[in-house]
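Q: Please take a close look at one part of this model and describe how it is built. After that, say how it relates to the rest.

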Amino acid sequence: MPIDALCFLGVSRFGYELGAADAIRALDAEGIGTAVVAAMHPRDGDLARANAELAEVAARSGDRFLPTARVDPWDGQSALDDLTHAVTRNGARALLFHPDEEHFPINDIRLRPFAERADELGVPVIVATGFHCVSEAVQVGRFASWCPRVPVIMTNGGQLNISGQGQFDAELALRLPNVHILTSGVYRDDFLERTVKNFGAERVLFASAAPQFDFAYELRRVHRVRMTADQRRLVLSGNAERIFGGPAA
Amino acid sequence: MHMHIDDVPSLGWELSAETCVASMDEAQVDAAAVMTIVDLPGGANPTAMELIAQACERFPGRLYGFIRLNPRHPAKARELLDVAVTELGFRGLKLHPVSSLAHPAHPDTIALIRAAGELGVPTLFHCGDEPLTTPLSIAPAAAACPDAPIILGHMGGYRHVDEAIDVAERHPNIILETSAMPYPAKIREAIDRIGVHRVIFGSDGPVSSPALERQKVVRAGLTDEELDLVLGGTAASLLGVA
């Protein structure tokens, strides 16, 4: 069954929300077995608490949700501690950065300790990518260069540009072998096809990025892309199992 | 209401009319507005107008031409617009401020939009997240040309969709076109706020899939009557083929 490599649960201070029950219903409706989930940016800004609540929801979900740890690097050492706690105590499968909502450039040198901590903990890093000045694909690539053994996963194919003008930057970042992309919001089939062809299907993961994007529509994108059955299996679930550990890990 | 044909190998664009029509057939799309990727005059394809005209001639009733122009060459652009519409049967004007660097509210742009309106054809803007193309950048042009239909292609892209709906609420000559933007639910919201006759299906194909783009409209929760209008009824009126 497909694995959704990223959706968000909770209530965001930025005006959107998705509850666990609604997410499960949407996953069931689309035949998606599992979702990697991240906390929304909560109204009180307490990401450590949001991560803990997310871990509880995931633990009760019967392996439908694989939690991540979302941290705000401006919190410095306490954010590093929260990351370690979330991974070692609460089973977080990845570190999630959202440079747009937490307002930091992903290539700021102060993030290097997070790259190194992710390496020590053996977890991948998902970066909300394509946001001007803070998470352009080449900026994410710079971050990825600090942790070459860590899978670094760019959302939205590495860009949020309705003319596709970030595609070359995304491909520059993909020259680093640890950089991957999510399919969420990529409006052009040929961009995904090019990534599969030029960098390998191992570098592409299906994700909805719901609730901002739509579970069903985002899954249909992947079924539109021309690739072999083996490649599609990797994109829909195989890569997520390898990178996040899969439901039973 | 938004597909591309061009032949500019130096920019990596080789999109044939046949490719367009094949993707339309797959998506069960009867007709499309087609335009080049580059502008006239001075763009990378000096024969852009002829390319579109010939494509429409080869596929009558399937392809309708939009002339893509750079308003920063006001006299030549106006001349090309006249020829395209009155002699070659083009059905619209396409403006892409990222490639032309012409601000939508610049007097030369406004003059061209107004001329298109006087010729009875709409103006389709690329409307996304980039500077020069956001809904609020286009809004002054809509205010300056209240009798000229202005279509916001991509209805604001990824992060300006709410802004596009807001601008359309305030300017009744603005029409929203659905291509590429990733939110099916926003189509429903737009119809509720500005009316079903001002939201039209576009694909930005053939590089983005008309079949998938059509699914976005189908998934928006529209009535059958609304679906008919968004998928073609309103566009047919705009193209003058209703």
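Predicted model: local features only at pLDDT ≥ 70, side-chain atom pairs only at ≥ 80, totals over all residues.

**Chain A and its partner**

A: In chain A, 76% of the contacts with a separation of 6 or more are accounted for by residues 24 or more positions apart.

Chain A contains nine helices and 10 strands. Its radius of gyration is 16 Å, close to the 18 Å that the globule rule gives for 249 residues, so chain A is as compact as a globular protein of that length. Taken along the principal axes, the C-alpha atoms of chain A fill a box of roughly 45 × 40 × 35 Å. Of the 249 residues in chain A, 55% are buried.

One helix pair in chain A can be followed residue by residue. Two packed helices are described by the angle between their axes and the distance between the axes. For helix 5 (residues 137–145) and helix 6 (residues 167–174) of chain A, the angle is about 10° and the axes are 8 Å apart. Angles under 35 degrees count as roughly parallel, so helix 5 of chain A is roughly parallel to helix 6 of chain A. Helix 5 of chain A brings A:Ala137, A:Val138, A:Val140, A:Gly141 and A:Ala144 to the contact, and helix 6 of chain A brings A:Asp169, A:Ala170, A:Leu172 and A:Ala173. Sorted by class, the residues of this contact are seven nonpolar, one polar and one charged.

Chain A also meets chain B: 16 residues of chain A are in contact with 22 residues of chain B. On the chain A side, helix 7 (189–199) and helix 8 (215–224) each supply at least two residues. Helix 8 of chain A gives the most to that side, with five residues. By class, the side of chain A that touches chain B has six nonpolar, three polar and seven charged residues.

Next comes the nonpolar core. In soluble globular proteins, nonpolar side chains tend to be buried together. The largest nonpolar core here has 166 residues, and the members that touch the most other members are A:Leu95, A:Val127, B:Val34 and B:Leu81. Beyond its neighbours within four places in sequence, B:Val34 has contacts that include B:Met3, B:Cys20, B:Ile52, B:Ala55 and B:Phe66.

The C-alpha trace of chain B spans about 45 × 40 × 30 Å along its principal axes. Buried residues make up 57% of the 242 residues in chain B.

Within chain B, helix 6 (residues 135–144) has B:Pro135, B:Ser137, B:Ile138, B:Ala139, B:Ala141 and B:Ala142 buried. These buried residues pack against several elements of chain B, among them helix 5 (107–119), strand 7 (123–126) and helix 7 (161–170). Helix 7 of chain B holds B:Ala168. A residue is buried if 20 or more other C-beta atoms lie within 10 Å of its own; B:Ala168 has 26, so B:Ala168 is buried. Apart from neighbours within four places in sequence, B:Ala168 is in contact with B:Ile174, B:Leu176, B:Ile194 and B:Arg198. B:Ala168 and B:Ala55 are 113 residues apart along the chain, and their C-alpha atoms are separated by 32 Å.

Technical notes. Residues numbered from 1 in each chain as written. Chains lettered and ligands numbered in written order. Contact = placed C-beta atoms within 7 Å. Helix = DSSP H or I, 4+ residues; strand = E, 2+ residues; numbered from the N terminus. Nonpolar A, V, L, I, M, F, W, Y, C, P; charged D, E, K, R; others polar. Buried ≥ 20, exposed ≤ 12 C-beta atoms within 10 Å, placed from the backbone. Core = buried A, V, L, I, M, F, W, Y, C linked by C-beta atoms within 7 Å. Axes fitted to C-alpha atoms, helices over the stretch in contact; angles between N-to-C directions. Parallel < 35°, antiparallel > 145°, perpendicular 65-115°, else oblique. Rg over C-alpha atoms; globule rule 2.2 N^0.38 Å.
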